[in-house]
Amino acid sequence: MKIEFYKHNIGTEEKNSLLETLDSIFLTTGPKTTQFESDFRTYLGTNYATGVTSWTTGAFLVLKAWGIGPEDEIITTPLSFCATANVILQVGAKPIFVDVDPTTGNLDINLVEQAITLQTKAIIPVHLYGQMVDMKSLRKIADKHNLKILEDCAHCIEGARDSIKPGQLGDAAVFSFYATKNIASGEGGMIATNHQELYEKLLLLRLHGMDRSAIDRYTGLYRHWDMSVLGYKANMFDIQAALLIPQLKKIEDHWKAKQAICEKYEQAFGNQPNLDFPKVLANSKSARHIFTIWVPADKRDLILKGLQDKGIGVAVNFRVIHLLKYYRENLNFKENDFPIAESIGNRTITLPLYPKLTSIETDYIIDSVLKTVETT
Ligand SMILES: Cc1ncc(COP(=O)(O)O)c(C=O)c1O
């Protein structure tokens with residue numbers, strides 16, 4: 001059997017929506033982008049949503065809009081994709097990592113306050129695998145020290161914790177529509193916020209600081225535009241939005257299918273020797289973006305190979321950021337700096353999880369994991 005690590009959800013509706021765009025005037029930021037932004041903020045319940053070309057460009061723009069730069073520090077987790085910390089370096093600031101909670105893999109809220117200095121300007125929590133960080137507690141800490149929160153929601157659109165959804169307590173929440181995400185357009189991103197001032201800055205910064213977008217310039221009579229601030233080039237375009245609009249409508253149905261697969265995985269892998277997985281807390285709805293198992297560190301790579309030999313697509317989310325070559329060589333991080341994140345990073349394996357995964361495939365994956373772990 002061959003089981004892909006991921007299969008996207010682009011079907012007839014998405015193709016028709018894309019054809020509509022290809023037959024229209026607007027390939028760049030136009031009516032589809034506006035519609036998707038409106039649908040997305042309605043789904044989340046935030047005041048504003050700004051479409052961008054990726055999570056990375058979106059988070060970069062937010063940090064720029066907040067005026068964060070050299071001499072500033074931002075607190076984040078080492079157990080994430082490198083983009084989370086790279087954007088901090090890209091604006092010239094310093095990432096300050098804190099270790100993670102051993103049960104969920106999420107930023108350990110109890111360690112945040114002791115990492116705050118006079119240079120700290122913001123916190124970037126990552127809602128890892130789809131489970132939200134404790135935003136209520138984090139908001140209290142941020143308010144006490146006058147810090148901004150940028151939520152890394154690359155894994156978490158459908159999640160909730162303590163009845164709080166992504167984007168509701170953060171100053172900005174940034175989403176990814178990268179090829180393997182819960183809704184995907186190959187590349188793409190969204191910034192949700194409740195702050196009007198930030199939203200208005202982002203509209204300028206995502207398109208060179210120009211005061212008129214293409215839709216303003218070409219709808220009706222031509223009008224001159226001006227540039228008031230130095231901006232960047234990160235505007236979501238209609239080809240991306242066309243693919244995303246129908247997917248957002250199906251997101252809850254797809255979540256139910258993924259939730260059922262995860263429940264099956266959790267049932268099968270609970271109470272097994274040499275096998276564990278991050279726990280979804282009782283007060284939390286995980287977006288179920290990624291399902292990872294934790295195996296003994298010295299056997300992880302052998303088990304990875306064993307599963308691939310059985311035709312199962314796997315991944316590792318994540319080997320810790322601070323031990324990547326660039327971070328070790330330029331920021332002097334070393335082993336044991338963040339032992340819990342390192343331990344999870346060394347033990348983790350990501351299994352296939354997507355609505356198209358059949359129950360025969362799920363059973364095959366479960367059987368293969370149990371056998372491979374037992375015999376390795
Ligand atoms: C946790 C996390 N943050 C950020 C990103 C970056 O997203 P993008 O590729 O849209 O820039 C990813 C992407 O995979 C991610 O997993």
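**Entry 1: Tyr129**

I began with Tyr129, which is found in the loop between S4 and H5. The labels follow DSSP: helices are runs of H or I with at least four residues, strands are runs of E with at least two, and both are numbered from the N terminus. I noted that this is a predicted model, in which local features need pLDDT of at least 70 and side-chain atom pairs count only at pLDDT 80 or more, while totals for chains, interfaces and linings use all residues. Residues are numbered from 1 along each chain as its sequence is written.

Is Tyr129 buried or exposed? Tyr129 counts as buried because it has 26 C-beta neighbours inside 10 Å. The cut-offs are these: a residue is buried with 20 or more other C-beta atoms within 10 Å of its own, exposed with 12 or fewer, and partly exposed in between, with C-beta atoms placed from the backbone. I also looked up the phi of Tyr129, which is near 65 degrees, a positive value in a residue other than glycine. Most residues other than glycine have a negative phi, and most peptide bonds are trans.

**Entry 2: other backbone angles**

Asn274 is not a glycine, yet has a positive phi of about 60 degrees. I found Asn274 in the loop between helix H9 (251–269) and strand S9 (284–285). Asn274 is partly exposed because 14 other C-beta atoms lie within 10 Å.

Where is the place of Phe318? Phe318 sits in the loop between helix H10 (300–309) and helix H11 (325–331). The peptide bond from Asn317 to Phe318 is cis, with omega near 10 degrees.

**Entry 3: helix H4**

Which residues of H4 are buried? In this helix, residues 83–90, I listed Thr84, Ala85, Val87 and Ile88 as buried. Viewed down the axis of H4, the buried residues fall within an arc of 155 degrees, so they line one face of the helix. The arc is that of the directions from the helix axis to the C-beta atoms. An α-helix has 3.6 residues a turn, so residues three or four places apart point the same way.

I then checked what these residues pack against: helix H3 (55–65) and the strands S2 (73–76), S3 (94–97), S4 (120–124) and S5 (148–152). Contact here means that two C-beta atoms, placed from the backbone, lie within 7 Å. Just after H4, Gly92 takes a positive phi of about 90 degrees.

**Entry 4**

S2 and S3 run parallel and are joined by 4 bridges. The chain goes from S2 through H4 to S3, and this β-α-β crossover is right-handed. Right-handed means that, with the strands pointing away from the viewer, the path from the first strand over the helix to the second runs clockwise. Strands pair if DSSP finds at least two bridges between them.

I looked up two positions in this pair. Ile75 stands opposite Ile96 in S3, and Thr76 stands opposite Phe97. S3 has a covered face, Pro95 and Phe97, and an uncovered one, Lys94 and Ile96. In a regular strand the side chains alternate between the two faces of the sheet.

S2 also runs parallel to S4, with 4 bridges between them. Glu73 has Thr120 in S4 as its bridge partner.

**Entry 5: strands S1 and S8**

How many residues of S1 are buried? In S1 (residues 48–52), 4 of its 5 residues are buried. S1 and S8 (residues 189–193) run antiparallel and are joined by 5 bridges. The bridge partner of Gly51 in S8 is Met190.

**Entry 6: the ligand shell**

I counted 14 residues around the ligand, the closest being Ser54, Trp55, Thr56, Ala154 and Ser176. By class, the shell has 6 nonpolar, 7 polar and 1 charged residues. Ala, Val, Leu, Ile, Met, Phe, Trp, Tyr, Cys and Pro count as nonpolar, Asp, Glu, Lys and Arg as charged, and the others, Gly among them, as polar.

**Entry 7: Cys262**

My last stop was Cys262, in helix H9. Cys262 counts as buried because it has 21 C-beta neighbours inside 10 Å. Leaving out residues up to four places away in sequence, Cys262 touches Arg288, Phe291 and Leu353.

Technical notes:
A residue is near a molecule or strand if its C-beta atom, placed from the backbone, lies within 6 Å of it.
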